[in-house]
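Visitor: I'm new to this and would like a guided tour. Could you take me through a few features, one by one?

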Amino acid sequence: MTIYTGPVFDMCRQQFTAIADHLSLPEDERDRLLYPKRAITVSCPIHRDDGSVAVFQGYRVQHHLSLGPTKGGTRFSTSVDIGEVAALAVWMSWKCALAGLPYGGAKGGVTVDPASLSRRELEALSRRYMQEMIPFVGSHTDVMAPDMGTNEQVMAWFMDTYSMHQGRTVTEIVTGKPVATGGTEGRREATGLGVVHLVGSAMERLGMRAAQATAIVQGFGNVGGVAAEELHARGVRVLGVSDHTAAYFDPRGLDIPDLLRHVATHGVLAGYSTELAIDPEELLLQPCDVLVPAAMERVITEKNAARLRCRILAEGANGPTTPEADRILAERGDDLFVIPDILCNSGGVIVSYFEWVQDLQQFFWGRGEVIGRLYGHLDRVFHQVTDRAARERVSTRVAAMAIGVSKVRDAKKTRGLFP
């Protein structure tokens, strides 16, 4: 029996089992590597603006602390449950280990539609959630960050709540904060910039030129919006974009700066155009050189994997490709180059690590230094993954997961089992 259930955790478990088999891990090591060290469930009551009291369920899962404190985002979404949060924490562990960061993985969230809350209610919920988490987090225990449905402002409320409890300012308790409150230059756009930098590395490897390439981006938030903007800036023709409200496609290329202005004004893509509208599921199947799923988990499935018409699949989201779909993609061989999620979207946690380091030492870098360090870090990991994939004749996902899982396993074996 396990408390970790649901389609997202089942997918995570399938991925781990495949890598454990690939690495020939002994059966008695597997559960310790897969299952989280700690899971916290809390109730978060707040006063609504109408005077009533509403109670929301909150979660935090810390996967392992063998390499250092845990690290991971906090999402506010109606889909949040303990299984989803646990899967995201496990994936974060492999991501941090692959990137060579001194972290274990964590994830948290509250089951709520943030759009249904006023600003005052959002602040109340953010502060109450952090207040409930104070016994379990700390700058050397578990460091939070933003995720879907949260942002820099929520992180500032988290940091202030924790600091009021400690009686001093503790900027390093969260990352992804505004620069004015101890955040770092470049953090907001780091994930999207990292995605596009790795797309550039893949293009170079495949002999492709950005000025002749096309792209489709699913998701137009902090990751997808930045990725679309950066692809456009590098000369790639972005044919399609989508968010949870609308999807647009134009074979001639979309006006990305105009779309960004629309979202800045209205908050969503809906209402931009009727002529360019397309079914969101069909958008993924349109021909392009680069497909960037940067929204939710499990969007590339056994139903559509064989029909993808891209050359590069850059996984900006966590877990966008199911194991069943992955097997179909692997059968396509060199026809499709996959940049797996634990590599592709690692720019965010890498720059979060930079922010944490700067907060600890109270010495801050400029944006150029942050982005330069990010790109250098990503280049090293990209070559490690592609070299291992070529050497062992496995997919890039298997290579990336094998590196991450092996590092965590080595740390646990070296430290031993206490008591």
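Guide: Let's start with a term: helices (H or I, at least four residues) and strands (E, at least two) are DSSP runs, numbered from the N terminus. The model is predicted, so local features need pLDDT of at least 70 and side-chain atom pairs count only at pLDDT 80 or more, while totals for chains, interfaces and linings use all residues. Residues are numbered from 1 along each chain as its sequence is written, and side-chain values use heavy atoms, with hydrogens and water left out.

Visitor: Which helix do Asp10 and Arg13 lie in?

Guide: Both are in helix H1 (residues 7-23), three residues apart, about one turn of the helix. In general, side chains of opposite charge can pair when their charged atoms come close. Here we call it a salt bridge if a side-chain nitrogen of Lys or Arg is within 4 Å of a carboxyl oxygen of Asp or Glu. Asp10 and Arg13 make one, at 2.7 Å from N to O.

Visitor: How many salt bridges does the structure hold?

Guide: There are 26. Take Arg409 and Glu29, whose side chains meet at 2.7 Å, N to O. Arg409 sits in helix H14 (residues 396-415) and Glu29 in helix H2 (residues 27-34), so this pair ties together parts 380 residues apart in sequence. Glu29 counts as buried, at 19%.

Visitor: What does Arg397 form a salt bridge with?

Guide: With Asp341, the closest N and O atoms being 3.7 Å apart. Arg397 is in helix H14 and Asp341 in helix H11 (residues 341-344), so they link parts 56 residues apart in sequence. Arg397 is buried at 7%, and Asp341 is buried at 4%. Elsewhere, salt bridges with shared partners join Arg75, Glu84, Lys107, Asp147 and Glu297 into one network.

Visitor: What about sheets? In which order do the six strands of the open sheet come?

Guide: Strands of a sheet pair through backbone hydrogen bonds, either parallel or antiparallel. Two strands count as paired if DSSP finds at least two bridges between them. The order here is S8-S7-S6-S9-S10-S11, with mixed pairing. Strand S8 (247-249) and strand S11 (337-339) are the edges, each pairing on one side only.

Visitor: In which sense do S10 and S11 pair?

Guide: Parallel, over three bridges, with S10 covering residues 312-314. Ala314 has Ile339 in S11 as its bridge partner.

Key
Buried < 20%, exposed > 50% of the residue type's maximum accessible area, 1.4 Å probe, protein only.
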